[in-house]
Amino acid sequence: MDNHFDVIVLGTGLTESITAAALSKAGFKVAHIDPNPYYGADQASLSLDELVQWVDHCKEDNHSVTHYGEVPPHARQYSVSLAPSVIPSIGPFISSLIASGVSRYGSFKLLSRVVIYDAGILKDVPQSKDDIFQSKAMSLLEKRRVTRFLMFAAGEFENSKELHDQENSPLLDFLQSIFLLSEATARTITYALGYCCFISETTLPALYRIRAYLKGSGRYGPSSFLVGYYGGSGEIAQGFCRAAAVRGGVYILGRSITRISSVDPTAPEYPVLTSGPPQFAVEVDDFPDRLHCRCLISATTLLPGHLRTLAHLIRPSISSRSSPQPFAMARCIAIVDGPITLPLDTEDSGASEASDSSLLVFPPGSLNGGSAISTVHVMTAGPGTMSAPSGKGILYISMPLATNSVHSAEILLRPYLTAVLVLFRAEQQEQTRLICSTFYMQELASCTSSTSDSLVGLLAVPSLSPHTTQGVDEAAIVAEAIFRKAVFSLNREIKEGCEQCVFWPLLAEMEEGEDNNVQW
C-alpha cells in the first residue's frame with residue numbers, strides 16, 4: 001500500500017467523517033484512522049454486545065460508567081446510539097446529506113411527537129398553526145399571543161422594537177414581559193421550541209434557533225425534525241465514510257495510534273516545527289509502515305498533548321446562536337420490554353398518532369428530585385427506526401451539565417428514568433419492564449489553540465456538540481470550515497472559483513433553488 005497521503009484524518013466521528021468524504025470527493029488522497037473497531041467514535045451506533053464491551057473499556061480507562069441488567073437475546077438486533085440526536089429538516093447537515101449523496105445510504109423518518117412534561121402531565125407541543133388553534137389547552141387570547149410571537153420569530157427580528165435591550169435577557173422572561181404569554185406557554189416555547197438547555201439562556205440565540213426550526217416545519221411533513229434509522233448519527237457517520245471510500249479513501253480501524261511526529265527522522269520526539277509547511281508521520285500499532293501526510297486532521301482526544309496547543313482548533317461559526325457548550329453530558333441508555341408509546345394528550349385534539357419515535361422534554365424544576373437548572377431530553381426509539389426488535393424499545397436520557405458535577409450520571413438521571421417508566425405503565429395495560437440500563441458521563445474534550453503559533457496543516461476537531469437538536473448542524477459547519485482550511489494548507493494558493501474549494505459541488509445550486517418562505 002502506498003503510505004503517502006494528502007490528508008490523514010484521525011477519528012471517525014461525525015465531523016471527521018463529513019470532512020473525509022468532502023476531501024475525497026474533491027480529489028485529495030485521504031487515509032482515515034480510528035483506534036476503535038467501529039465507525040462513529042463517540043457518536044457510534046452499537047449492538048448491545050458492543051455496548052457492553054464499550055462499558056468494560058470505559059471502566060478500564062477509569063471513566064464514570066455503570067451498567068445494570070443482563071443483555072437480552074438477539075442483542076445484535078439492537079442499534080444503540082452513544083450520542084442520540086435529531087436532524088433539523090432545513091440546515092447545513094441535511095444539505096450535506098443530500099448534496100454528498102450520503103442520504104442514499106440511510107433511511108429517515110419524521111420525529112412524530114415533541115412532548116413536554118408539565119406538573120406531572122404530558123402535553124403535546126403543537127406542530128403547526130392549525131394545531132395551535134385546535135388545542136383546548138389554551139384560551140383564544142393566548143392562542144393569538146402565541147401566533148403573534150411565532151410570526152415575530154419567523155421574521156427579521158434583529159432590529160425590532162420588541163427585541164431592543166432584550167437580547168441578553170432570559171428567553172422565559174422575554175416571552176412573559178414582551179408578549180404577555182402565560183408561564184406554562186412560555187416554558188413550552190423556551191424548552192420545546194427554542195430547546196434551551198439551561199434556565200438562564202438568553203433571548204437572541206434562542207430566537208435564531210426558533211426561526212430555523214419554524215422554517216423547517218412543513219418541508220417533509222408537520223415536524224421540523226427527522227430521525228435516522230439504525231441508531232442515527234453513528235450510522236450516518238458510516239455513510240460518509242463509505243462515500244469517502246468510494247472515492248479512494250483508505251480506512252484503518254481497530255488499530256491504536258502509537259506516535260505522531262514530523263517526517264524528519266532526525267527531529268526530536270516533541271519537535272519545534274519551522275514556519276514552513278509541516279509534514280507529519282503517523283505510526284499505527286501492528287502496521288508495518290509509517291503513514292505520511294501533508295495535512296493532519298484529528299479529533300482533539302487523539303492528539304498528543306504537545307500537539308494540542310499547536311493545532312488550529314476549528315469552532316462552529318454559529319456559536320453565538322447555540323446553547324452554551326456544557327461542561328459534560330450525563331447520559332442514560334435504557335432497554336425496555338414492552339411498548340414505548342407516550343400517552344396521548346387527551347386535552348389536545350391536535351396530538352399525533354402513536355409512534356415509538358418521540359422526544360420528551362423535562363424543563364428545569366419540572367420533576368421532584370430532578371435538576372432545577374438543566375433541561376432533560378428523553379428520546380425514544382424502537383422497531384419503527386429498526387433500532388430494536390419487535391416489542392422492545394430504547395430510551396435515551398440526557399442532561400447537560402454547566403459545571404463539573406459531584407454526582408454520578410446514575411444519581412442525576414435515575415429519577416427521570418423512573419418517571420418515564422411510570423408514564424409508560426400508566427398508558428399500557430401490560431407492564432413496561434426495564435431490561436438493562438447504562439449510565440455514563442460524556443466528557444467534552446477541551447483544546448486551547450494559540451492562533452499565532454498554530455501550524456498550517458494541523459487541524460483539531462472539537463468535541464461534537466451534545467445538544468439534541470443542534471449537534472448535527474454544528475458538525476456540518478465545522479466540517480466545512482476544516483475542509484477549507486485543509487484545502488488552503490494543501491494548495492497554499494487558492495484561485496477564485498476553484499472546484500476543489502467547493503464543499504459539495506451541488507450544494508450551492510441546491511440552496512439557490514430552495515424556498516425558505518415561512519408560512520405563519
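**The open sheet and what packs on it**

Mentor: Eight strands make up an open sheet with mixed pairing, in the order 4-20-16-19-18-17-8-9. Helices (H or I, at least four residues) and strands (E, at least two) are DSSP runs numbered from the N terminus, and two strands pair if DSSP finds at least two bridges between them.

Trainee: Which strands stand at the edges?
Mentor: Strand 4 (65–68) and strand 9 (121–124) do; each has a single partner strand, so one side of each is left without a neighbour in the sheet. From one strand to the next, the twist averages 20 degrees.

Trainee: Before I go on, what kind of model is this?
Mentor: This is a predicted model, where local features need pLDDT of at least 70, side-chain atom pairs count only at pLDDT 80 or more, and totals for chains, interfaces and linings use all residues. Residues are numbered from 1 along each chain as its sequence is written, and side-chain values use heavy atoms, with hydrogens and water left out.

Trainee: Back to the sheet. How do strand 18 and strand 19 pair?
Mentor: Strand 18 (residues 376–381) and strand 19 (residues 392–401) are antiparallel, with five bridges. His377 has Ser398 of strand 19 as its bridge partner.

Trainee: Which strands does helix 2 touch?
Mentor: Helix 2 (residues 48–60) packs on the sheet and touches strand 4, strand 16 (328–337) and strand 20 (433–443). Contact means heavy atoms within 4.5 Å. The direction of helix 2 makes about 140 degrees with that of strand 4; axes are lines fitted to C-alpha atoms, for helices over the stretch in contact, and angles run from 0 to 180 degrees between N-to-C directions.

Trainee: And helix 7? What does it touch?
Mentor: Helix 7 (residues 183–192) also packs on the sheet, touching strand 8 (113–118), strand 17 (358–362) and strand 18. Its direction is at about 130 degrees to that of strand 8.

Trainee: I clicked on Met441. Buried or exposed?
Mentor: Met441 has 16% relative accessibility and therefore counts as buried; buried means under 20% relative accessible area, exposed over 50%, partly exposed in between (1.4 Å probe, protein chains only). Met441 lies in strand 20. Leaving out residues up to four places away in sequence, Met441 touches several others, including Ser64, Met329, Leu401 and His407.

Trainee: Different topic. How do helix 1 and helix 12 pack?
Mentor: Helix 1 (residues 14–25) and helix 12 (residues 471–491) pack at an angle of about 45 degrees, and their axes are 8 Å apart. The two helices are therefore oblique to each other.

Trainee: What about the hairpin with Asp286 in the turn?
Mentor: Strand 13 and strand 14 form that hairpin, with six residues between them, and Asp286 has a positive phi of about 60 degrees. Strand 13 and strand 14 (residues 291–299) pair in the antiparallel sense over three bridges, and Ala281 stands opposite His292 in strand 14. Strand 13 (residues 280–284) has four of its five residues buried.

Trainee: Last one: how many helices and strands does the protein have?
Mentor: There are 13 helices and 21 strands. Of the 520 residues, 55% count as buried.

Key:
Angles under 35 degrees count as roughly parallel, over 145 as roughly antiparallel, 65 to 115 as roughly perpendicular and the rest as oblique.
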